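Here's a quick look at one protein model, from the inside out. Have the sequence to hand as you read.

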Amino acid sequence: MSEPRKINIFGVTGSIGQSTADVILAHKERFDVQVVTAHSNVSKLAELARLMKATHAIIADKSKFDALKSELSGSGIQVGAGRSALLEHAEVPADISMMAIVGMAGLEPMMRAMNGSKAIAIANKEPLVAAGPIVIARAKECGVQLLPVDSEHNAIFQVFDQNNRAAISRLILTASGGPFWEWPKEKIELATRQEALAHPNWVMGAKISIDSATMMNKALEIIEAHYLFDMPADKIDVIIHPQSLVHSMVEYNDGSVLSQMGASDMRTPIANIISYPERLTTSGKRLNFKTISSLTFFDRDDVRFPAIPLAYESLNSGLYHSITMNAANEIAVEGFLNGKMGFGEIINCIRYALDSITKQNISTLDDVIMLDKHVRITTRNYIDTSLTNRTVSII
Ligand SMILES: NC(=O)c1ccc[n+]([C@@H]2O[C@H](COP(=O)([O-])OP(=O)(O)OC[C@H]3O[C@@H](n4cnc5c(N)ncnc54)[C@H](OP(=O)(O)O)[C@@H]3O)[C@@H](O)[C@H]2O)c1
């Protein structure tokens, strides 16, 4: 058996982080867990750090240092707190780092992890959306492998013939359609928080659940696929597949279409990536083809779900566009989740930000961070000045 693989997990307390912990705990002999991090969930971080016998537990919220220290006293696990501790520990050498922080907060940890890790498991898609060319260039410079965890990209990764790229004609991303696939436009716009969080097939963190309901998640994934597989926008399609069993497909020039299938369980792509190129034996749910009554596929609907065309607009416009779309979306989702605005306003906020920001050249990480900050302020102002006092339905 090979040596245990050294792994760091950023965002261990979230949905992807906990699924990663599940896989690791079922294969303790295969992994040597070092750094685990969270934002503010002290008790979950301490519990997972102890269970996985991590060497370091880092909490990004500085004010939680004493609480974490006390939870982990006597464990021998080293404790750190604050954004700078998170960034420092991102560089701890590892065979693989799982990036499972949500949103742009994961960009700098991802960049810093490339200084110490041989491979980066990418669940956290927003950094690729906002800084794709910079992330890819840095990975090449450091000789770091970028491995996709997102179920669609992991599916493509599994059937993408790297040695025969020229024979690939198209990537086809599948999308469940989210909770509102069968709803009329007027009803979608008035959806409540609870309705938007109730994804039909997957249990996920709040932000990605809302992104799935608006289908912004698919827009982010188109951009993610563009950078991870170096495919032009016109060779990336989306098809609605409500059962979420075909996780995505690669079409070849000879007409062959290869897909990866599996139950809707993130532990499958996580296991695939953290053991890559080996395969772990997992105990997760298996597909039973005798009980699958139908696999259906539908064209996307850009009238009811106007987020998807924004991805193509971004890829044709330049990085400033995807930074703006991504940052405005994060702020709009936060505004919706906090009850400041209605579901239908999310797309309006993004459109407002895109219309407010002038085209600009983005070439460095600092450029990305500066524009991201500016868009967040612009979008927050828009929400506070134009959208408050509107009637919104929460819960
Ligand atoms: N969930 C899925 O099935 C799924 C599938 C594919 C891709 N993804 C992607 O994976 C990423 C994580 O998604 P998720 O659903 O696992 O999110 P989640 O459940 O909300 O977890 C987010 C994690 O990030 C930490 N975090 C939040 N803000 C932070 C900050 N400012 N600094 C440091 N850490 C911070 C959280 O810590 P606390 O718990 O302490 O707040 C938590 O550990 C997202 O980019 C998502 O798009 C998720």
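The largest nonpolar core takes in 132 residues, and V36, M98, L171 and F343 have the most contacts inside it. Such a core is a set of buried Ala, Val, Leu, Ile, Met, Phe, Trp, Tyr and Cys residues joined through side-chain atoms within 4.5 Å. Helix α14 (residues 319-337) gives the largest share of this core, eleven residues. Helices (H or I, at least four residues) and strands (E, at least two) are DSSP runs numbered from the N terminus.

This is a predicted model, where local features need pLDDT of at least 70 and side-chain atom pairs count only at pLDDT 80 or more, while totals for chains, interfaces and linings use all residues. Numbering runs from 1 along each chain as its sequence is written, and side-chain values use heavy atoms, with hydrogens and water left out.

Now for the outside. K62 sits in the loop between β3 (56-59) and α3 (65-71). K62 counts as exposed because its relative accessibility is 60%; the cut-offs are under 20% for buried, over 50% for exposed and partly exposed in between (1.4 Å probe, protein chains only). Leaving out residues up to four places away in sequence, K62 touches A81 and G82, contact being heavy atoms within 4.5 Å.

Some whole-protein values:

| Item | Value |
|---|---|
| Helices and strands | 16 helices, eleven strands |
| Buried share | 55% of 395 residues |
| C-alpha span along principal axes | about 55 × 55 × 45 Å |
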